[in-house]
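I opened my notebook to get to know a new structure. Here is what I looked up, entry by entry.

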Amino acid sequence: MSHLSERPANPVVGQEIPHESAALHVTGAALYTDDLVMRTRDVLHAHPVQVPHAHARVTALRTQPALAVPGVVRVLTAADVPGVNDAGVKHDEPLFPSEVMYFGHSVAWVLGETLEAARLGAAAVEVDVEPLPAIIDVKDAIAAESFQGAQPRVERGDIEAAFDAAAHVFSGEFEFAGQEHFYLETHCALALVDENGQVFVQSSTQHPSETQEIVAHVLGLASHEVTVQCLRMGGGFGGKEMQPHGLAAIAAIGSRLTGRPVRLRLSRTQDMTMTGKRHGFHSQWRVAFDADGRLQALDATLTADGGWSLDLSEPVLARALCHIDNAYWIPNARVNGRIARTNKTSQTAFRGFGGPQGMLVIEDILGRCAPLLGLDPASLRRRNFYGPGQTTPYGQPVRHSERLAAAWDAVTRTGDLDRRRAEIEAFNAEHPDTKRAIAITPVKFGISFNLTAFNQAGALVHVYKDGSVLINHGGTEMGQGLHTKMLQVAATSLGVPLSRVRLAPTRTDKVPNTSATAASSGADLNGGAVKNACEQITDRLRNVAAGRLGVHPSDVRFGADRGGIISAIGGTGELIPWDELVHQAYFQRVQLWAAGFYRTEGLHWDSATMHGSPFKYFAYGVAATEVEVDGFTGANRTRRVDIVHDVGDSLSPLIDIGQIEGGFVQGAGWLTLEDLRWDNSDSPTRGRLATQAASTYKLPSFSEMPEEFNVTLLEQAHEDGAVYGGKAVGEPPLMLAFSVREALRQAAAAFGPQGTSIDLASPATPEAVFWAVEEARAAASGQPDDGHVTASSNGDHGVVPVQPHGPARHPESERVVGRQAVEPAGVRP
């Protein structure tokens with residue numbers, strides 16, 4: 001067992017304690033960025049000037065009418081930028097653009113004494129534009145070859161030989177939607193400048209250091225002249241990893257020019273129409289199985305809908321390619337990736353960061369192919385699990401693959417799946433217009449940033465003379481419980497009660513050069529840094545205690561379970577209270593603070609060849625979901641969910657279980673409810689987001705919660721080489737929701753004859769489920785359908801290979817009847 005993962009006796013980590021701000025959250029006392037406005041004098045308010053075109057060239061911008069509006073102080077334009085007019089790390093996101101790239105793109109910002117004055121001023125600004133052709137749909141982008149960024153490929157084995165030798169070959173096409181973050185707190189920044197010209201920005205950001213960097217280069221300043229603080233966020237989910245930077249820069253420009261604090265907070269509609277979302281994807285695939293239903297080859301092309309600029313689309317695509325295997329051994333694989341440029345918001349990080357999109361492709365393939373192979377979907381999945389000694393298509397060994405089988409068997413046993421399947425079969429036989437189904441799906445998710453350099457973190461720990469402890473680390477709190485875990489790590493490392501430790505907000509002048517709180521790595525990275533800082537302090541204190549107790553420093557013991565009492569093996573038997581030892585150390589001029597650092601070891605990744613070991617470890621999980629579908633409407637309900645998830649030795653069980661539950665529900669929302677729609681017509685509103693409020697964009701609510709929801713943490717899952725043996729939990733549980741979608745597929749198929757294979761749109765809204773039911777009924781009546789999935793069996797099946805970026809083509813005689821996977825997206829009335 002490594003020193004990093006070893007736990008002392010009776011540690012504070014592992015205890016079931018509530019979120020450190022839970023009481024503040026539920027009483028409304030927790031402060032967020034916008035709450036600080038009421039505590040700040042003479043604040044100006046910013047409002048965007050948005051252009052209602054999906055693509056247009058700005059030919060004239062007249063700001064004078066806005067200045068005539070009472071309460072308007074200034075209008076910010078590109079001429080006011082003292083540094084670089086760009087808000088992106090790829091330098092492809094003009095802060096004040098001369099070319100409108102999506103419907104609602106802001107070209108200027110108005111500052112007013114009140115938000116209403118700023119709004120009226122923005123409405124008064126006159127903008128002349130020359131409309132340009134706009135690409136809205138990803139298929140149109142593919143046809144127009146409108147791509148941006150790198151086009152990576154993951155490849156191993158002999159693809160063509162594997163297809164030639166395969167007993168079964170299938171091919172198809174699958175397009176699925178993105179997802180709106182819909183965090184409770186919209187984007188917000190509050191900027192001010194002190195008497196020395198130091199810029200201070202309060203920002204709702206997951207990446208304070210990058211916000212600092214972007215603000216600095218927009219202002220033409222060095223980073224040490226800008227300080228960014230994140231008090232806490234009311235949700236982030238990846239949407240505040242990159243997108244806050246430009247908004248913070250706008251506020252900072254305004255504050256520098258006016259000498260007054262500037263507040264910029266997006267309304268819900270502005271947030272939904274101006275900021276990025278989860279990437280939607282289009283996929284074309286060809287897959288081969290042997291006679292026993294074992295995967296032999298996969299040839300696929302994934303096209304991410306990146307929107308108007310790159311943002312984080314390249315690493316999102318890379319992670320999608322690295323997760324298309326999910327939990328399954330695919331000996332021969334060729335997966336191509338590309339990013340479509342469309343005239344929509346610049347799509348960005350979202351919980352899972354491309355992993356869910358890649359994994360959804362293989363889960364959809366298995367769900368569609370299982371009936372064609374004459375296999376139960378659960379059996380098909382289980383027989384294709386990774387085994388000992390096997391590696392991913394990009395070359396990383398899959399450690400602890402046995403945990404997949406352990407979690408699967410545990411869900412099968414504790415969920416009583418065999419009995420319930422028999423009951424469902426009897427229910428379905430008696431109910432022609434209502435069907436039930438259970439689906440079980442696995443998750444294997446890699447933990448670490450694909451970019452190796454991001455896998456580092458820092459922390460600052462202060463021990464005061466009275467023995468109290470203050471910690472500061474580079475991670476940000478967005479409700480996920482990172483601060484709670486860091487408090488537990490610090491208390492465990494120092495051997496003091498949790499009550500002696502307090503945590504300060506994340507600030508760039510305390511811990512510099514931090515990585516984003518993302519990639520589920522927050523606890524691993526910052527926990528390692530906090531532990532390192534605490535151990536520097538305890539090493540110094542150990543020498544003080546050893547001198548007093550008359551023992552060797554290695555024989556000194558710190559113990560949080562003993563109320564912070566320090567003891568020794570042997571010696572006089574004297575016990576030293578923590579506070580007393582700290583006080584004594586101070587008078588011996590012993591340093592009582594430390595800066596900690598951690599870097600994840602064992603990582604290597606070549607982005608050019610898409611090969612290496614980019615992840616520290618894999619997190620595993622299994623979920624079984626039972627659903628019921630109404631055959632008349634497609635309406636459905638989730639009757640029961642059983643989850644067994646691998647979080648290692650949990651650092652904070654209550655936090656981890658909450659993350660698993662929340663991630664599952666958010667994933668179910670993406671897959672079954674949340675339907676982003678853009679106007680794809682040729683009308684003047686082409687490119688407008690039609691689902692720009694909670695009234696048109698359906699989110700999971702209590703009514704969508706499972707009637708029975710059982711979550712269990714996998715036992716005996718210590719992760720050596722991770723902080724106190726714990727594992728990441730932020731993103732992996734979202735993909736457990738694949739079981740919901742697959743259960744809906746199986747329930748819809750139950751309306752047809754046994755062995756019916758149906759396509760199911762994503763999101764699988766009630767409307768989509770209804771059409772899947774109709775497809776199954778058509779199969780029962782022998783009516784043909786116009787699907788596109790193709791199949792062949794062993795022998796000279798004449799399958800034409802998929803070109804690197806082309807569709808799979810099969811002889812028409814081998815066409816399998818099915819339904820088009822995704823209906824053309826339009827604007828709903």
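Entry one, domains. I looked up the area buried between domain 1 and domain 3 and found about 1500 Å², with carbon and sulfur atoms giving 61% of it. Buried area here is the accessible area (1.4 Å probe) that two parts lose on being put together, summed over both. I noted that domain 1 covers 22-30 + 456-599, domain 2 covers 33-133 + 182-274, and domain 3 covers 281-450 + 607-792; such bounds come from an automatic or database domain assignment. The centres of domain 1 and domain 3, taken over C-alpha atoms, are 40 Å apart. To the contact, domain 1 brings 22 residues and domain 3 brings 20 residues; contact means heavy atoms within 4.5 Å.

A note on the source. This is a predicted model, in which local features need pLDDT of at least 70 and side-chain atom pairs count only at pLDDT 80 or more, while totals for chains, interfaces and linings use all residues. Residues are numbered from 1 along each chain as its sequence is written, and side-chain values use heavy atoms, with hydrogens and water left out.

Entry two, H10 and H18. I found that the axes of helix H10 (residues 355-373) and helix H18 (residues 738-749) come within 11 Å and cross at roughly 25°. The two are therefore roughly parallel to each other (angles under 35 degrees count as roughly parallel, over 145 as roughly antiparallel, 65 to 115 as roughly perpendicular and the rest as oblique). Helices (H or I, at least four residues) and strands (E, at least two) are DSSP runs, numbered from the N terminus. Among the residues that meet, I wrote down Glu 363, Asp 364 and Arg 368 in H10, and Arg 741, Glu 742 and Arg 745 in H18. The contact of H10 with H18 divides into four nonpolar, one polar and six charged residues.

Residues meeting here include Ile 214 and Val 218 in H6, and Ala 248, Ala 252 and Ile 253 in H7.

I noted a cis peptide bond from Ser 762 to Pro 763, with omega near 10°. Pro 763 sits in the loop between H18 and helix H19 (766-781). I also noted Phe 353, a residue other than glycine with a positive phi, near 55°. Phe 353 is in the loop between strand S16 (332-340) and H10.

Terms used
Axes fitted to C-alpha atoms, helices over the stretch in contact; angles between N-to-C directions. Nonpolar A, V, L, I, M, F, W, Y, C, P; charged D, E, K, R; others polar.
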